[in-house]
Amino acid sequence: MNSKIKVLFVDDNLELVEEAQNFYKNHSDINLIDVALDGIEALEKIELSKPDVMVLDIVMPNLDGFGVMERLAKDKDGPKIVVISALSQDNFLNKAMRLGASSFMVKPFDFSSLTERIKDAANGDVIPPMSQTSASHAAPRTYRNRTLDEKITNIFITVGIPPHIRGYQYLREAVRLAIETPDIIGSITKRLYPSIAEKYTTTSSKVERSIRHAIEVSWNRGKIENINTLFGIRIYSSHDRPTNGEFIALLADKMLLEGA
């Protein structure tokens with residue numbers, strides 16, 4: 001494709017929108033021509049800017065992503081659609097594909113991977129999501145990791161940790177490591193943080209700060225009652241915030257008890 005792909009980015013999270021604008025500024029292949037913060041605005045921007053591809057969140061105010069796709073279903077000249085969402089259950093994935101999405105990316109994601117999905121969509125390629133039925137034929141570890149990621153994502157949604165912040169993916173990796181290697185929780189600074197830092201090409205101190213920030217966001221959003229309900233007992237109050245290690249251990253223990 002000789003010319004740049006015209007993209008409309010639709011998400012109600014301002015920080016993520018700004019990240020997209022910064023990433024695609026002067027990009028060699030992608031021209032981020034416009035952004036929208038809800039479904040109604042997205043439909044208006046499609047009429048105005050005629051994008052080739054729309055990157056579309058599902059959960060938004062006024063009109064959600066599914067509503068946008070339903071209104072565009074009969075428009076043969078509408079944009080190709082790449083769905084992005086923290087909701088990764090099969091019913092969401094399959095509904096998005098039925099409504100015409102070219103692919104579905106689970107938050108958090110990196111923009112390099114999103115760029116490849118945008119290119120695929122612009123070329124007319126459709127990447128079907130892995131359903132639980134097809135996943136059952138994959139390697140057991142692959143299916144287990146996918147199921148584990150879904151469970152962690154659902155817990156993070158419950159306790160109010162937003163997927164766009166850096167600490168989300170670090171905390172998710174920390175919980176996964178604590179489940180797979182329980183003794184690592186006793187060596188957070190020497191093993192856990194360095195392992196995450198190596199995977200994401202960053203430093204242990206940035207991992208520690210980002211995870212702490214993610215926990216602070218959850219507390220500041222007033223999700224303490226959700227956390228207490230999740231564990232079945234009243235563990236915390238608004239003035240009793242856990243350390244990184246305590247929070248990671250609690251989440252890992254809960255998931256192990258549930259057969260993660």
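**Close-up views of the predicted model**

**Figure 1. F92 lies in helix α4.** The structure shown is a predicted model. F92 counts as partly exposed, because its relative accessible area is 23%, which falls between the 20% limit for buried and the 50% limit for exposed. Leaving aside residues up to four places away in sequence, F92 touches F66, L87 and F104. F92 and F66 are separated by 26 residues in sequence, and their C-alpha atoms are 9.4 Å apart in space.

**Figure 2. Helix α3 and helix α4 cross at roughly 25 degrees.** Helix α3 covers residues 65–72 and helix α4 covers residues 90–98. Their axes come within 10 Å. The angle makes α3 roughly parallel to α4, because angles under 35 degrees are placed in that class. The crossing of α3 past α4 is left-handed. On the α3 side the contact is made by F66, M69 and E70, and on the α4 side by F92, K95 and A96. Sorted by class, the contact of α3 with α4 has four nonpolar residues, two charged residues and no polar ones. The contact between F92 and F66 shown in Figure 1 belongs to this pair of helices, as F66 and F92 are both among the residues that make the contact.

**Figure 3. Helix α1 and helix α5 pack at an angle of about 75 degrees.** Helix α1 runs over residues 14–23 and helix α5 over residues 111–122, with their axes 11 Å apart. The angle makes α1 roughly perpendicular to α5, because the range for that class is 65 to 115 degrees. L16, E19, A20 and F23 in α1 meet F111, S112 and T115 in α5. By class, the contact of α1 with α5 has four nonpolar, two polar and one charged residues.

**Figure 4. T115 is a buried residue of helix α5.** T115 counts as buried because its relative accessible area is 4%, and the limit is under 20%. Not counting residues up to four places away in sequence, T115 touches F23, Y24, H27 and I30. F23 is one of the α1 residues in the contact with α5.

Figure 5. Helix α2 comprises residues 39–49, and within it G39, A42, L43, K45, I46 and S49 are buried. An α-helix has 3.6 residues a turn, so residues three or four places apart point the same way. The buried residues of α2 pack against strands β1 (5–10), β2 (30–36) and β3 (53–57), and against helix α3.

**Figure 6. R172 is a buried residue of helix α8.** Helix α8 spans residues 166–180. R172 counts as buried because its relative accessible area is 13%, and the limit is under 20%. With residues up to four places away in sequence not counted, R172 touches K107, P108, D149, I152, T153 and F156.

**Figure 7. N26 and T201 have positive phi values.** Most residues other than glycine have a negative phi. Phi of N26 is near 60 degrees, and N26 is not a glycine. N26 is found in the loop between α1 and β2. Phi of T201 is near 55 degrees, again a positive value in a residue other than glycine. T201 is found in the loop between α9 (188–199) and α10 (204–220). N26 counts as exposed because its relative accessible area is 69%, and T201 counts as exposed because its relative accessible area is 73%; the limit is over 50%.

**Figure 8. The protein chain has 12 helices and five strands.** This view sets the close-ups in context. The protein chain has 260 residues, of which 47% count as buried. Of the contacts in the protein chain between residues at least 6 apart in sequence, 64% join residues at least 24 apart. F92 and F66, from Figure 1, are 26 residues apart in sequence.

Key: Residues numbered from 1 in each chain as written. Predicted model: local features only at pLDDT ≥ 70, side-chain atom pairs only at ≥ 80, totals over all residues. Heavy atoms only, no water. Axes fitted to C-alpha atoms, helices over the stretch in contact; angles between N-to-C directions. Helix = DSSP H or I, 4+ residues; strand = E, 2+ residues; numbered from the N terminus. Parallel < 35°, antiparallel > 145°, perpendicular 65-115°, else oblique. Left-handed = near helix turned anticlockwise from the far one by under 90°. Contact = heavy atoms within 4.5 Å. Nonpolar A, V, L, I, M, F, W, Y, C, P; charged D, E, K, R; others polar. Buried < 20%, exposed > 50% of the residue type's maximum accessible area, 1.4 Å probe, protein only.
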